Amino acid sequence: MDFKEGTLWSLDRAKGFLHRSLDGLTQQQAAWRACGNCNSIASMVIHLGRVEDTWTHRILGGKDIWETDGWAQKFGLPIEDRGWTFDKQSAQEQKPLSELVSYYEATHRLLVEFIEKLPAERLAESPQNPMNLTVEQIFSHIVIEESQHVGQIDYLKGMQNSKAS
Amino acid sequence: MNVIEHQAWVLEDARSRTLKILNELSQDDLRWRACATCNSIGSIAIHIGRVEDVLSLGALGLTEQLWQSQGWHRKLGLAEDDWGWGFDNLGQSSQPDLRELVSYLEAVRGRTLPALKAMPSNRLDREVPGRRVRTVAQTLAFILNEELQHLGQIDYIRGMKQALEGSNADSR
């Protein structure tokens, strides 16, 4: 297993874990907040997509599909949003979880295809980015960020199930 | 950076994030539970160490869990086969303090990293015998992903506790 394969394995595992955590969730559970300013599961799903979308385009160049494919508009969220504005929307404004997951799925496909096609020698390149990371470190950063939020989503689901029983 | 160097780098990066948060916590933060059956930060932190302690054996060719061989289960007041969750069943006075818990994480990592760095890269694709078939590389990624997922939870629980305490204070 080389670095790229390891990254793809970790991303696939995070995605599988995410889907298991989201399975059977109602819209109300997805939008539930554990405290006044705690992030909901739904906001984190959007954020996962935003993380993948932004970092992929920092390497690829061009604008995020959040903007070019109209996801921000579909969700009624600002172009500069990182997912967190979802929790400020009213229940009527909030889009169903399945649509939010579609955005994550779209960014995930883009990222996976990009990693698969990327020549190994490009891993050491340093594209312009605010954290001065190499491409290799960017992929690790995505895994780090994604895994943490997936763990949080699972905890929030467990917390709600516990309160309901 | 070769694959092993990179793996060591991300493991150290994740651990520095975990320790940064843990070292900012009080004993009360450690034992706080968001609901009656929710895991506390203390139990999750021990679990991170247990996963690495157990899974690194097959992956890195080690023979004994430090949990048992160095008596960490006794030091932390937990059963020999506990995975961390027993922490929440201990009485407040029996719960180990934060420093002890961090020492366990450091002991495990103090063994994992040198063993990882000394490992020949051709071992990465070898299968690890166990409950699920995984290669050495996948097991190392699993250990990392476990820490990261639980680190996310620790961070969230800490923020939630602070927010709830803040709102309680505001409403007084």
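Entry 1, the contact between chains. I call two residues in contact if their C-beta atoms, placed from the backbone, lie within 7 Å. By that rule, the contact takes 26 residues from chain A and 30 residues from chain B. On the chain B side, helix H1 (3–22) and H7 each supply at least two residues; H7(B) gives the largest share, 17 residues. Helices here are DSSP runs of H or I with at least four residues, strands are E runs of at least two, and both are numbered from the N terminus. I also sorted the side of chain B that touches chain A by type: 17 nonpolar, 11 polar and 2 charged. For that sorting, Ala, Val, Leu, Ile, Met, Phe, Trp, Tyr, Cys and Pro count as nonpolar, Asp, Glu, Lys and Arg as charged, and the others, Gly among them, as polar.

A note on the source. This is a predicted model, in which local features need pLDDT of at least 70 and side-chain atom pairs count only at pLDDT 80 or more, while totals for chains, interfaces and linings use all residues. Residues are numbered from 1 along each chain as its sequence is written, and chains are lettered from A and ligands numbered from 1 in the order in which they are written.

I found 7 helices and 0 strands. Its radius of gyration, taken over C-alpha atoms, is 16 Å, close to the 15 Å that the globule rule (2.2 Å times the number of residues to the power 0.38) gives for 165 residues, so chain A is as compact as a globular protein of that length. Along the principal axes, its C-alpha atoms fill a box of roughly 50 × 35 × 25 Å. Of the contacts in chain A with a separation of 6 or more, 71% join residues 24 or more positions apart.

I count a residue as buried if 20 or more other C-beta atoms lie within 10 Å of its own, exposed if 12 or fewer, and partly exposed in between, with C-beta atoms placed from the backbone. Buried residues make up 41% of the 165 residues in chain A.

How many of the 20 residues of H3(A) are buried? I get 16, so this helix is largely enclosed by the rest of the structure. H3(A) covers residues 41–60, and Gly61(A), with a positive phi near 90°, follows it.

Not counting residues up to four places away in sequence, Val45(A) touches Leu97(A), Leu100(A), Val101(A) and Tyr104(A).

Leu78(B) sits between helix H5 (72–75) and helix H6 (98–117). Buried or exposed? Leu78(B) is buried, with 24 other C-beta atoms within 10 Å. Neighbours within four places aside, Leu78(B) contacts His73(B), Gly86(B) and Phe87(B).

Notes
The expected span of a helix is 1.5 Å times one less than its number of residues.
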